[in-house]
Structures are given as C-alpha cells and as structure tokens.
Amino acid sequence: MDSSLNAGPVGLRDRQKLERERRIVKAAEKLFARKGYAEVAMEDVAARAGLAVGTIYNYFPSKSALLLAIVRRETESMLARGRKILDHPPRDAVAAACAFTEIFLDDLTRDDRRLWRELLGAAIADPSVVGRRLFEGDAQLVSQLASLLEHYRNCGVLASDMEPMPAATVLYGVCFTWMTAYLMNDSISAEMVRNEIQRGTAIAMRGLFPHTNTISITTRG
C-alpha cells in the first residue's frame, strides 16, 4: 500500500519535469531563431518559458547545453522515423530511399530555417561538441539508410556487389547539397528542394540496381 502511494507522486513529478524541459527547449528554439544564438541570454530563455532563471540552470547548466538538447531532440525524431521505415520496408526500393530522404528534409523544414542556420553556425564555431553531435546524428541516420539498402541487396532487388554504406553516403550527399542550398538562399523553397532531392535520389538509385535492370530503366526513360 505504501509503495503504491509513493509511486503516484514520483510519476507526476517526472511528467512535470519533462514538460518543464520541453517548455525550456521550445523557448530556446524560438529565441535562437529570432535573435541568434550569440545574442540570447539564459535570462531571455527563462522569461519566455515563464520560469525563474535558477530553474533554467537546474535543467540546463549552460546555453550550449540547451543547444545540444535541441540537437538531441531533432536526432531522436529522425531516428524514430528511420526505424519505422526499417521495420516495414516498402516494396519499391526507390520509394524507400526517397522516404528516407524525406526524413532529412521534413526535419529541416519543420522549424524556421534561421534556427538551423544558428545550429550550423554553432557547429562550425564549436566542432568538438556541437559539430560532433550534429555529425553523429546524421551518421546514425545514414547507417539506418545503409541497413535499408542492404535489405534490398539481400532480397536481390539491388546489385549483389552494392556496398550499402558508400551508397547511403552518396544519397546523403544529394540531401546535404540541396538542404545547404535551402539554408543559404531564401528564394529556394522547401518544395523545390523536395523535388530536386527526389530526382537526385532516383538517379543515384539507378546505379544500384543489377546491370540488366539499369539498362531497362534507362531505356524506359
């Protein structure tokens, strides 16, 4: 009886703590995008989140810790979507690859592009911490994509000599090129980037099919 009574408040406190963390991270995201990472103080985050500054520091000891929390959230979101595709791979290998590239794009365009500019700027300014975290997140998703390509190779859909990790890296390169263009040029729309990434992915995927399939695809084109 006593343990049951004790369990309730602990669960409530955990939920409250998680909700408070989300409020803090969301406030930081908005401020970093609007004012720039360098111009935001922890007091600004506290004011926007409606919390005391001391409370902010209880959850995040520094502004860089807040930035890393944003990176972690984005990474977890992408990897969760990647796992869903791996658990239920589409029959069409090209459609599957395009679905994976959508993960990169949707994650990028869901937030204000100014936030991602700040994240990349911070990664360049602090490559050993922020840069490493961003790279690790992308590397994990590329590894998932490599596992997906390996699945299609093992099923005989893709060429038997296809190397999953280099192939996945090529597809990531298509995404990275257009996502960088999107961040650097406000005249480039998300829809334009989506179309170009899908085209580039389809072209790259042609080279991964067995030779006979590649010829037939080229002929139909």
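Predicted model: local features only at pLDDT ≥ 70, side-chain atom pairs only at ≥ 80, totals over all residues.
Trainee: Okay, and where is threonine 101 found?

Mentor: Threonine 101 is in helix H5.

Trainee: Is threonine 101 buried or exposed?

Mentor: Buried, because its relative accessible area is 3%, and the cut-off for buried is under 20%.

Trainee: Let me step back a bit. How many helices and strands does the protein have?

Mentor: There are 10 helices and zero strands. Read from the N terminus, the elements go α-α-α-α-α-α-α-α-α-α.

Trainee: What box do the C-alpha atoms fill?

Mentor: Roughly 65 × 55 × 30 Å, taken along the principal axes.

Trainee: And what percentage of the residues count as buried?

Mentor: Of the 221 residues, 39% count as buried. As for contacts with a separation of 6 or more, 67% of them come from residues 24 or more positions apart.

Trainee: Back to H5. How do H5 and H9 cross?

Mentor: Helix H5 covers residues 93–110 and helix H9 covers residues 190–206; their axes come within 10 Å and cross at roughly 150 degrees. That makes H5 roughly antiparallel to H9, because angles over 145 degrees count that way. The crossing of H5 and H9 is right-handed.

Trainee: Which residues of H5 and H9 meet?

Mentor: From H5, they include Ala93, Val94, Ala97, Thr101 and Leu105, and from H9 they include Val193, Ile197, Thr201 and Met205. By class, the contact of H5 with H9 has 10 nonpolar, four polar and three charged residues.

Trainee: New topic: how many residues are in the largest nonpolar core?

Mentor: That core has 66 residues, and Val45, Leu149, Leu158 and Met205 have the most contacts inside it. Helix H4, residues 63–87, gives the most to this core, with 10 residues. As background, nonpolar side chains tend to be buried together in soluble globular proteins.

Trainee: I'd like to look at leucine 149. What does it touch?

Mentor: Not counting residues up to four places away in sequence, leucine 149 touches Leu158, Met162, Pro164, Ala167, Ala168, Leu171, Met205 and Leu208. Leu149 is also one of the buried residues in H7, among them Val130, Leu134, Leu141, Leu145 and Tyr152.

Trainee: What do the buried residues of H7 pack against?

Mentor: They pack against H4, H5, helix H6 (113–125), H8 and H9.

Trainee: Pick H8, then. How do H7 and H8 cross?

Mentor: The axes of H7 (residues 127–154) and H8 (residues 164–184) come within 8 Å and cross at roughly 120 degrees. That makes H7 oblique to H8. The crossing of H7 and H8 is right-handed. Leu149 is part of the contact on the H7 side, along with residues including Asp138, Val142 and Arg153, while H8 brings in residues including Pro164, Ala168 and Tyr172. By class, that contact of H7 with H8 has 10 nonpolar, two polar and three charged residues.

Trainee: What happens just after H7?

Mentor: Glycine 156 sits there, and takes a positive phi of about 85 degrees.

Trainee: Let's jump to H1. Is glutamate 29 buried or exposed?

Mentor: Glutamate 29 is in helix H1, residues 2–35. Its relative accessibility is 4%, so glutamate 29 counts as buried. Setting aside residues up to four places away in sequence, glutamate 29 touches Ile70, Arg73, Glu74, Asp111 and Leu115.

Trainee: What about arginine 34, buried or exposed?

Mentor: Arginine 34 is also found in helix H1, and it is exposed, with a relative accessible area of 55%. Beyond its neighbours within four places in sequence, arginine 34 is in contact with Arg48 and Arg114.

Trainee: How far apart are arginine 34 and glutamate 118?

Mentor: In sequence they are 84 residues apart, and in space they are 9.9 Å apart, C-alpha to C-alpha.

Trainee: Last one: what about lysine 17?

Mentor: Lysine 17 belongs to helix H1. With a relative accessible area of 43%, lysine 17 is partly exposed. The C-alpha atoms of lysine 17 and leucine 183 are separated by 34 Å, and those two residues are 166 residues apart along the chain.

Terms used: Residues numbered from 1 in each chain as written. Heavy atoms only, no water. Axes fitted to C-alpha atoms, helices over the stretch in contact; angles between N-to-C directions. Helix = DSSP H or I, 4+ residues; strand = E, 2+ residues; numbered from the N terminus. Parallel < 35°, antiparallel > 145°, perpendicular 65-115°, else oblique. Left-handed = near helix turned anticlockwise from the far one by under 90°. Contact = heavy atoms within 4.5 Å. Nonpolar A, V, L, I, M, F, W, Y, C, P; charged D, E, K, R; others polar. Core = buried A, V, L, I, M, F, W, Y, C linked by side-chain atoms within 4.5 Å. Buried < 20%, exposed > 50% of the residue type's maximum accessible area, 1.4 Å probe, protein only.
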